[in-house]
Amino acid sequence: MILPINNHKNVIGFRANNNEDKKSLRYNHDTLLPNNFITNTRIGLDKLTNAFTVYPAKGLKGSKNANFYEFLTMGTVPYLVGSATLMAVFNFANKFYDHFDRTQASKIGKKMALGVVFYGLAKSLSKSLITKPVKALTGVDTEQPYAKVIYELPDHINDTDITSIEYHKVFESVEFPRWDLLYGDESKGQKRNFRYDKIAKKLGMGENLNDSDQEVKPRIKEIVVKSNLAKTISSYLWAASGVAFAFQTPWEKYLNNMTFKFWKEKEFKESMSILKESFVKSAKNFYNGEGSGVSKHAGKILLGASLLSSVVGVANTVASGKKPQKTDASKVINKDDNYVVS
């Protein structure tokens, strides 16, 4: 028999009986997480694993607990499968060509595969060129993650393990951010508004404000909106740069000698040495260009546009944090006029 929901210290759970111990969870309530490489890697692996295993299984059996978050997370599956298909489409057909055509097709196929990899890496990593400077200059981490505890409905009468963890961003919704997660835990000796105080100080709004949270929230929303726009524009320009970089001629030497068999030490070291050499030469080719006219400067133009989009995006976002000018009372109230207070 399922007993009523118990609510204690923001922890909600179903229990089959009062004597059964609750399962030990990584999080027992919605928890703010540090935005660092280790945490983001763990979140990425967790979401990827669930996208291929848990979430499809719940959807196929028609679980009433399948939700929109799981649907969006499973979007990773067709993206990866499609990328792998694009990588393989040229290479699988090579065996049907004669030797010369096979060689030419292989070059294109391998570069296309490298282009897919660089597209994804550049598009993902380039967002840090916006978020990191914005955080340093305003104190607002627009990519701050948190773990959300979901209490699911029981599928069977004896179900007790009916919780799951979702990973979201504090500012995932601009209209309804998770402001509550940014308040300090007074039981741990933290000031309630200590995070908002830091942001207010960064934005030049002063220190020791009575209600720093209320003062900075509108400003934070504007920063989030502008940074999201900047990330969208710049990420695609950087992705295009990544693809162009992957199609440089020097990569051919590495693609013909690459190996991931690290247990063959000599071959693997040689492959890594060629990788470094190909990377440097390809970067020079991409920047210096080949041919004449616009084509020779295409790399510089694309790289410059990508860099400019990041710089302008950060500048436009940070401008939202500038302290508004105070209006002189004498410009609002004319002492020569008569006023009636009702």
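A nonpolar core here is a set of buried Ala, Val, Leu, Ile, Met, Phe, Trp, Tyr and Cys residues joined through side-chain atoms within 4.5 Å, where buried means under 20% relative accessible area (1.4 Å probe, protein chains only). You're looking at a predicted model, so local features need pLDDT of at least 70 and side-chain atom pairs count only at pLDDT 80 or more, while totals for chains, interfaces and linings use all residues. Residues are numbered from 1 along each chain as its sequence is written, and side-chain values use heavy atoms, leaving out hydrogens and water.

Start by selecting F171, Y196, V216 and I220: in the largest nonpolar core, which has 21 residues, these touch the most other members. Now show α6 (128-138), α7 (194-202) and α8 (212-246), each of which supplies at least two residues of this core; helices (H or I, at least four residues) and strands (E, at least two) are DSSP runs, numbered from the N terminus. The largest share, five residues, comes from α8.

Zoom in on Y196. Which residues is Y196 in contact with, leaving aside neighbours within four places in sequence? Contact means heavy atoms within 4.5 Å, and the list is W179, L182, Y183, S212, D213, V216, K217 and I220.

Next, pick L114, L255, I274 and F286, which are among the nine residues of a second, separate core.

Last stop: the open sheet, three strands in the order β3-β4-β5 with antiparallel pairing. Strands pair if DSSP finds at least two bridges between them. β3 (31-32) and β5 (163-169) are the edge strands. Select L32 and you'll find Y146 of β4 opposite.

Conventions: Buried means under 20% relative accessible area, exposed over 50%, partly exposed in between (1.4 Å probe, protein chains only).
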